[in-house]
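Open the structure in your viewer and keep the sequence beside it. The tour below says what to select at each stop and what is there.

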Amino acid sequence: MNERAIAVGLPALTENRICSNTIRSHRLVRWVSAKYGLTKSEKLYDILNYEHFINGAKLNSLEFLLQSCERVHVNVEQAGQHLASEEGRSEILNTINTLTSMNVSSIPVFIVNSFWGLEGAVTTNRFIQIFREIESHIMNLEESGHGNEVIQTGPFLFENVIGLPSVCG
């Protein structure tokens, strides 16, 4: 994992990083997304990831999660009340089941054209490679006279999986 971190410009990961249950942190990010919007939740998510992967913070620590909320100007009392409840737990567990059924096992994951999945610290060259594969696939269909058979299933909207309102209109 250190090699991947360094490859994308991050410092070496801490040896003190402890795997912890992430349901609480995912519930918090989902709640912040719904209450404050995706920009705020992404700022929170950045802090959680940095502190976990670089500094070894535990993602199930209530104290750490509330301190992180304070850093992004989220009401700490309300966040604490949310985390003391079970709200959002079933949605997170459903999301885990959905992603597991899709063979998604790491973050980030990029789903391209509802079919190609790229996981983890993906390099620019890998993105170029996957787009070239898509281009080749489409050209082969067109050359074989089956170009009209490319079915558009619509975009994969992750917010639908976790039960948030669509930001795509």
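Begin with the whole chain of this predicted model. Among contacts between residues at least 6 apart in sequence, 56% join residues at least 24 apart. Colour the chain by secondary structure: there are eight helices and two strands. Following the sequence, the pattern reads α-α-α-α-α-α-β-β-α-α. If you colour by accessibility instead, 29% of the 169 residues count as buried.

**Stop 1: the nonpolar core**

Select Leu28, Leu44, Leu48, Val74 and Ala79. In the largest nonpolar core, which has 17 residues, these five touch the most other members. Helix 2 (23–36), helix 3, helix 4 and helix 5 (76–84) each supply at least two residues of this core.

Now keep Leu28 and show what surrounds this residue. Which residues is Leu28 in contact with, leaving aside its neighbours within four places in sequence? They are Leu44, Leu65, Cys69, Ala79, His82 and Leu83.

**Stop 2: Ser41**

Move to Ser41, which lies in helix 3. Is Ser41 buried or exposed? Its relative accessibility is 1%, so Ser41 counts as buried, the limit being under 20%. Beyond its neighbours within four places in sequence, Ser41 is in contact with Val29, Val32 and Ser33.

**Stop 3: an aromatic pair**

Select Trp31 and Tyr36. The count of aromatic pairs comes to one. The ring centres of Trp31 and Tyr36 are 6.0 Å apart and the planes stand at 70 degrees, so the pair is edge-to-face. Trp31 is buried, with a relative accessible area of 10%, whereas Tyr36 is partly exposed at 30%.

**Stop 4: helix 2 against helix 6**

Show helix 2 together with helix 6 (residues 89–101). Their axes come within 9 Å and cross at roughly 110 degrees. The two helices are therefore roughly perpendicular to each other, since angles of 65 to 115 degrees count as such.

To see the meeting place, select Ile23, His26, Arg27 and Arg30 on the helix 2 side. On the helix 6 side, select Arg89, Glu91, Ile92, Leu93 and Ile96.

**Stop 5: the salt bridges**

How many salt bridges does a search of the whole structure find? It finds three.

Start with Glu51 and Arg71, whose closest N and O atoms are 3.3 Å apart. Glu51 lies in helix 3 (residues 38–53) and Arg71 in helix 4 (residues 62–71), so this pair ties together parts that are 20 residues apart in sequence. Glu51 counts as buried, at 17% relative accessibility.

Next, select Arg89 again, a residue from the previous stop. Its side chain meets that of Glu86 in a salt bridge, at 3.5 Å from N to O. Arg89 is partly exposed, with a relative accessible area of 33%, while Glu86 is exposed at 56%.

End with Glu133 and Arg126, where the closest N and O atoms of the salt bridge are 3.7 Å apart. Glu133 is partly exposed, with a relative accessible area of 32%. Arg126 also counts as partly exposed, at 30% relative accessibility.

Note on methods:
Residues numbered from 1 in each chain as written. Predicted model: local features only at pLDDT ≥ 70, side-chain atom pairs only at ≥ 80, totals over all residues. Heavy atoms only, no water. Salt bridge = Lys/Arg side-chain N within 4 Å of Asp/Glu carboxyl O. Helix = DSSP H or I, 4+ residues; strand = E, 2+ residues; numbered from the N terminus. Buried < 20%, exposed > 50% of the residue type's maximum accessible area, 1.4 Å probe, protein only. Phe/Tyr/Trp six-rings, centres within 6.5 Å; stacked < 30°, edge-to-face > 60°. Core = buried A, V, L, I, M, F, W, Y, C linked by side-chain atoms within 4.5 Å. Contact = heavy atoms within 4.5 Å. Axes fitted to C-alpha atoms, helices over the stretch in contact; angles between N-to-C directions. Parallel < 35°, antiparallel > 145°, perpendicular 65-115°, else oblique.
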